Amino acid sequence: MSQPPSQPLESALPTALNPALLKSARQIYRTYYEVHPEDVQRPIGIAISTKTHRGKLIFGDRPVLLPNECFVPISQIEPGLH
(Lines give C-alpha, C1' and ligand atoms only; values in the text may rest on other atoms or scores of the structure.)
Protein backbone atom coordinates (compact mmCIF):
# COMPACT_ATOMS: atom_id res chain seq x y z
CA MET A 1 0.00 0.00 0.00
CA SER A 2 1.52 3.33 -1.01
CA GLN A 3 1.59 6.39 1.22
CA PRO A 4 0.02 9.64 -0.06
CA PRO A 5 2.62 12.34 -0.69
CA SER A 6 3.12 14.58 2.31
CA GLN A 7 2.12 18.21 1.91
CA PRO A 8 4.55 20.99 2.71
CA LEU A 9 3.79 22.73 5.99
CA GLU A 10 2.74 26.01 4.35
CA SER A 11 0.08 24.37 2.17
CA ALA A 12 -1.46 22.57 5.14
CA LEU A 13 -2.10 25.85 6.97
CA PRO A 14 -5.20 28.02 6.89
CA THR A 15 -4.80 31.03 4.62
CA ALA A 16 -6.58 33.47 6.94
CA LEU A 17 -6.12 33.79 10.66
CA ASN A 18 -8.20 35.51 13.27
CA PRO A 19 -6.78 39.08 13.42
CA ALA A 20 -6.67 38.94 17.24
CA LEU A 21 -4.60 35.73 17.12
CA LEU A 22 -2.23 37.27 14.59
CA LYS A 23 -1.83 40.37 16.77
CA SER A 24 -1.06 38.19 19.80
CA ALA A 25 1.44 36.12 17.81
CA ARG A 26 3.23 39.28 16.67
CA GLN A 27 3.40 40.53 20.27
CA ILE A 28 4.82 37.18 21.47
CA TYR A 29 7.43 37.29 18.69
CA ARG A 30 8.37 40.91 19.45
CA THR A 31 8.61 40.28 23.22
CA TYR A 32 10.81 37.22 22.72
CA TYR A 33 13.33 39.18 20.70
CA GLU A 34 13.28 42.14 23.11
CA VAL A 35 14.13 39.76 25.98
CA HIS A 36 16.59 37.62 23.94
CA PRO A 37 18.28 40.04 21.47
CA GLU A 38 21.36 37.80 21.18
CA ASP A 39 19.32 34.83 19.92
CA VAL A 40 19.97 34.47 16.20
CA GLN A 41 17.95 31.31 15.54
CA ARG A 42 14.84 32.14 13.51
CA PRO A 43 11.61 30.36 14.49
CA ILE A 44 9.33 28.73 11.91
CA GLY A 45 6.34 30.27 13.67
CA ILE A 46 4.29 30.35 16.85
CA ALA A 47 1.94 27.81 18.38
CA ILE A 48 -0.81 29.86 19.99
CA SER A 49 -3.87 28.97 22.05
CA THR A 50 -7.11 29.99 20.38
CA LYS A 51 -8.68 30.46 23.82
CA THR A 52 -6.02 32.25 25.88
CA HIS A 53 -3.85 33.74 23.09
CA ARG A 54 -0.74 32.53 24.93
CA GLY A 55 1.89 31.00 22.69
CA LYS A 56 5.39 29.66 22.18
CA LEU A 57 7.90 30.14 19.41
CA ILE A 58 8.51 26.97 17.41
CA PHE A 59 12.05 26.29 16.18
CA GLY A 60 11.69 22.70 14.96
CA ASP A 61 10.70 21.31 11.59
CA ARG A 62 6.99 20.74 12.19
CA PRO A 63 4.90 21.97 15.11
CA VAL A 64 3.03 19.57 17.36
CA LEU A 65 -0.11 21.36 18.46
CA LEU A 66 -2.46 20.81 21.38
CA PRO A 67 -6.20 20.60 20.60
CA ASN A 68 -6.87 24.30 21.26
CA GLU A 69 -3.77 25.61 19.46
CA CYS A 70 -3.14 26.85 15.97
CA PHE A 71 0.13 27.53 14.18
CA VAL A 72 1.01 30.98 12.89
CA PRO A 73 3.89 30.77 10.39
CA ILE A 74 6.66 33.35 10.62
CA SER A 75 5.78 34.56 7.12
CA GLN A 76 2.47 35.89 8.50
CA ILE A 77 4.10 37.45 11.55
CA GLU A 78 7.09 39.32 10.14
CA PRO A 79 5.43 41.51 7.47
CA GLY A 80 3.41 43.36 10.13
CA LEU A 81 6.51 44.14 12.19
CA HIS A 82 8.31 46.30 9.63
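Modeller: Happy to! In this predicted model, Glu78 and Arg42 join their side chains in a salt bridge, at 2.5 Å from N to O. The pair ties together distant parts of the chain, 36 residues apart: Glu78 lies in the segment after helix 2 (74–77), while Arg42 sits in the loop between helix 1 (19–35) and strand 1. The count of salt bridges comes to 1. The two partners can be described by their accessibility: Glu78 counts as buried because its relative accessibility of 19% falls under the 20% cut-off, whereas Arg42, at 48%, is partly exposed.

Now to strand 1 itself. All 5 of its 5 residues (45–49) are buried, so strand 1 is largely enclosed by the rest of the structure. That holds for both faces: Gly45, Ala47 and Ser49 are buried on one side, and Ile46 and Ile48 are buried on the other.

Strand 1 also has pairing partners. With strand 2 (residues 55–58) it runs antiparallel, joined by 4 bridges, and here Gly45 stands opposite Ile58. The hairpin of these two strands has 5 residues between them, and His53 takes a positive phi near 65 degrees there. With strand 3 (residues 69–73), strand 1 pairs over 5 bridges, again in the antiparallel sense. In that pairing, Ala47 stands opposite Phe71.

Technical notes: Residues numbered from 1 in each chain as written. Predicted model: local features only at pLDDT ≥ 70, side-chain atom pairs only at ≥ 80, totals over all residues. Heavy atoms only, no water. Buried < 20%, exposed > 50% of the residue type's maximum accessible area, 1.4 Å probe, protein only. Pairing = 2+ DSSP bridges. Salt bridge = Lys/Arg side-chain N within 4 Å of Asp/Glu carboxyl O.
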